[in-house]
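Open the model in a viewer and keep the selection panel at hand. The stops below go from a whole chain down to single residues and back out to an interface.

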Amino acid sequence: MAGIAVSTTINGDQAEFLCHPDETLLEVLRERLGLMGVKEGCGTGDCGACSIILDDRLVCSCLVLGAEAEGRRIATVEGMAQGDKLHPLQQKFLEHAALQCGICTPGFLIAAKDLLAKNPDPTEEEIRFGLAGNLCRCTGYDKIVRAVQDAASVMRGA
Amino acid sequence: MLDRSKIVGSPVSRIDGPLKVTGAAKYAAEHFEPGMLFGHVALATIAAGRILAIDTRAAERLQGVVKIYTHENRPKAAYRDSKWKDAVALPGHPFRPLENDRVLFDGQPVAFVVAETPEAARDAAGLIHVHYAAETPNTHIVAEQHNSYEPPVARMKQFLPPPPRGDAEAAFAAAPHKVSADYVLPGEHHNPMELFAATVRFEDEGRLTIQDKTQGSQNSRDYVCGVFGLDPDKVIVKNDFVGGAFGQALRPKHHLFLAVMASLDLSRSMKVEMTRREMFYLSWRPSCVQTVSLAADDEGYLQAVLHHAVHTTSRHEDYQENVANWSGLAYKCDNVKISYELVKLDLATPGDMRAPGAASGVAALETAMDELACEVGIDPLELRVRNFVHRDQNQDKAITSKALHACYREGAERFGWVARSPTPRSMRDGNDLVGWGMAGGIWEAMMSKGEAKVRLSADGHVTVSAAASDIGTGTYTILGQLAAEVFDCPIDAVTVDIGRSNLPKTGVEGGSWTAATTGSAVQAAAKAVVKTLLGHAQSMENSPLAEASEEQVEISEGRLVLEANHQVGTAIADIMAAAGLDAVEEQAKVGPDILSMRRYAAYSHSAVFVEVKIDEELGVVRVTRVVSAVAAGRILNAKTARSQILGGVVMGIGMALHEEGLIDHRTGRIMNHNLAEYHVPAHADIHDIDVIFVEEQDQRASPIGVKGLGEIGIVGVAAAVSNAIFHATGKRIRNLPITIDKILESEAVQ
Ligand code: FES
Ligand code: FES
């Protein structure tokens, strides 16, 4: 296939792919690279399900072109656990039942990871605003706040 | 030994959770088939009329496009309506994608592009030009309500209004206190976060394996088999993970039809994923207009209840839900008149959305109850307590259980209701007006027919299987818990195999009946396994259990033992070894108890207390506190149960404050078909929510004592929020959602 050759780092590993100029990074990650942990809820930047961390910035991958990833670092939910050991956020999401259908969960985990990287001890209000770009239709949000608070304290202790 | 009482009822974390937090759980659009093609739908841009011509030339020229389907070249599908009727079909003609030139609603599929890549399919769909002869659409329920009619064919008998009792009009006229008002609710859209999708694997000999976003894999299978004349043994539909649905995925959608159609036509595997916009033209909660009139004596005892409800349906089907009947059974009243009608509009057929009917009807009733409390001059909670009834007066049946008093009491206590000052606008917090409101909720506790299979291996491993779905509700986990309870094993020793059409028969997941139905079937199958095991044990020489009956034995620590004396028994492994088996498997079938249903009706109940804070100048409403006290029988898993209620409460807050499908009635088109403009509650909208499950024993509602939790959480919430807003502002706003403009524009009553 003719296309743009892009080289990136995904979850710490070197990755190269070809993509069309009009392909979004979300499509590349899901359809070309099979990273189905990056979810699609709208394709228009409204739901946060496709959240990834690009270099050090939280972005909706549906609003980024695949070609724009050239030379950049991408973090997705697939890179959060270390082998069998879940990331504290993943562990706390499970314990606090912060997920139901689970389709929004990877986006929330990535957004929360980004939030905690920038603010290791957020208040409840900061969490609610920090995660306001991620929609969830099942959980009622409250448990997500508790999970993030709890994970934050574990991570500060670690 | 494990404490049995701790397995069921305990807050076990969902067993499907690890797959979901690592991104490993795969949903319908996330399966890959070698050589598969991608489909994209082109949508109508008028709401009513005919297609004159479709120009697909530019689209066909696009690289990667394989084929474009329109009504002119669509492969044949079943002729008779009956073949198109799925398990949740409605009276009327089911929608048939690309059937003819008729456009029945905005967003109707008018062409379907199949291409080598999703981008090519999408781009090509955008290049299709459709010429229409548009007609003037009618999409405004308020303007069209004079054209309402009683549905000639009932979707379900219990949706029809009960016969009138007493003389509601005369009692209303004679009563000293009365209220009567119209309540207008907009259409709402489910918007589960997962997009509808189907991946079809085309196999040899016409076999298909389909990953579908559905609330019932067998319903999808039967639908495609009916429509395309396929052999049900050659089609498997899977839905291992479903990214939310809330009723929208009960009926098969056009993506499934189109994906299978193209797969069969082209002999290729196919994937079709909808856009978010496309999902606004599918089943939705219908807009409705309701008139509720209530009358009471000086003490607040209800003298008359009149409830008239009209809601939208499409041109081609009569969607029906139980909107108004709740008003005849929620409270004691001897003079009741309920009526229910539909209006046909040029919109897609509505569908069941979380607590269909009750969410809308109880919103009106419970707002009217609040208005009545003000009129009589008593506390709104006290009004409800006084009118408590322990009978279903609509059907003249006893009620299996109703721990609603406990909901009132425990909810009010947790909320601190006694401190409420009755006068509107009398509570403040700085610049904010504070309002406290409450409402009751009710939902039918249903059980349907279902089957399940349970297998116990000699090594103690248990497998549970049924064609049930887990749409985020926790089905995997509770079925695992129920089996673990019978076999006295940890939940990790149980494999739950659901989400596949070739498993024991199960109805669609909806109406909160899965836990009661499939849960009861699993328990029955597990008990049948124990019985079989006992039979084998008794064929062993000198069996210590020779005299025991099935009621006297249970499983404990890997042994079949006497319940009364765990010393007496035999190891499961030994029983199976003696019988020459490596596993015992049984299947069970359950259904509602018809005899009991003749005499009893079963409902779950709730009381919802809400605090709002409203910025007086800006009209911004924040729901700062909610307490939802629920009586829903036995709670199988405190964690997943609480989750169900929280999700319902938040959707109820959305209904009260945010959610509204906006239609441009001049064109009949939906204007806000995306998540930026159709507002659902986001994180920052939600504050404290407290859930209480009151104790309730009920073996009649279902054999396992469960009443279901998927719906009750939302019922009453919108009214409680609206009542709190009234209490804060003195403004009674009867058309939802209560947005800032309505608060600023309306007048306070006093
Ligand atoms: S899919 Fe990117 S924000 Fe929704
Ligand atoms: S868990 Fe279903 S959308 Fe969040």
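Start with chain B: of its contacts with a separation of 6 or more, 81% are between residues 24 or more positions apart. Two residues are in contact here if their C-beta atoms, placed from the backbone, lie within 7 Å. This is a predicted model, in which local features need pLDDT of at least 70 and side-chain atom pairs count only at pLDDT 80 or more, while totals for chains, interfaces and linings use all residues. Residues are numbered from 1 along each chain as its sequence is written, and chains are lettered from A and ligands numbered from 1 in the order in which they are written.

**Chain B as a whole**

Colour chain B by secondary structure to find 18 helices and 31 strands. Helices (H or I, at least four residues) and strands (E, at least two) are DSSP runs numbered from the N terminus. The C-alpha trace spans about 85 × 70 × 50 Å along its principal axes. The radius of gyration of chain B is 27 Å, which agrees with the value near 27 Å for a compact globule of 750 residues; it is taken over C-alpha atoms, and the globule rule is 2.2 Å times the number of residues to the power 0.38. Of the 750 residues in chain B, 60% are buried. Buried means that 20 or more other C-beta atoms lie within 10 Å of the residue's own, exposed means 12 or fewer, and partly exposed is in between, with C-beta atoms placed from the backbone.

**B:I210**

Select B:I210, in strand β9 (residues 208-212) of chain B. B:I210 counts as buried because it has 27 C-beta neighbours inside 10 Å. Leaving out residues up to four places away in sequence, B:I210 touches B:A198, B:V200, B:S220, B:V235, B:V237, B:K238 and B:V260.

**A three-strand sheet**

Next, show the open sheet of chain B with the order β4-β2-β6 and antiparallel pairing. Which strands stand at the edges? They are β4 (102-103) and β6 (129-134) of chain B; each has a single partner strand, so one side of each is left without a neighbour in the sheet. Strand β2 (residues 49-55) of chain B is joined to β4(B) by 2 bridges, and strands pair if DSSP finds at least two bridges between them.

**The interface**

Show both chains: 44 residues of chain B are in contact with 47 residues of chain A. On the chain B side, α16(B) gives the most, with 7 residues. By class, that side has 22 nonpolar, 14 polar and 8 charged residues. Ala, Val, Leu, Ile, Met, Phe, Trp, Tyr, Cys and Pro count as nonpolar, Asp, Glu, Lys and Arg as charged, and the others, Gly among them, as polar.

**Chain A**

Select helix α2 (residues 88-95) of chain A, where 7 of 8 residues are buried. Their cover includes α3 (105-118) and α5 (142-157) of chain A, together with α1 (17-21) of chain B. After α2(A) comes A:A97, with a positive phi near 55°.

Finally, colour chain A by domain: domain 1 (4-76) and domain 2 (88-157), with bounds from an automatic or database domain assignment. Between these two domains of chain A, 14 residues of domain 1 are in contact with 10 residues of domain 2. Strand β3 (residues 51-54) of chain A gives the most to the domain 1 side, with 3 residues.
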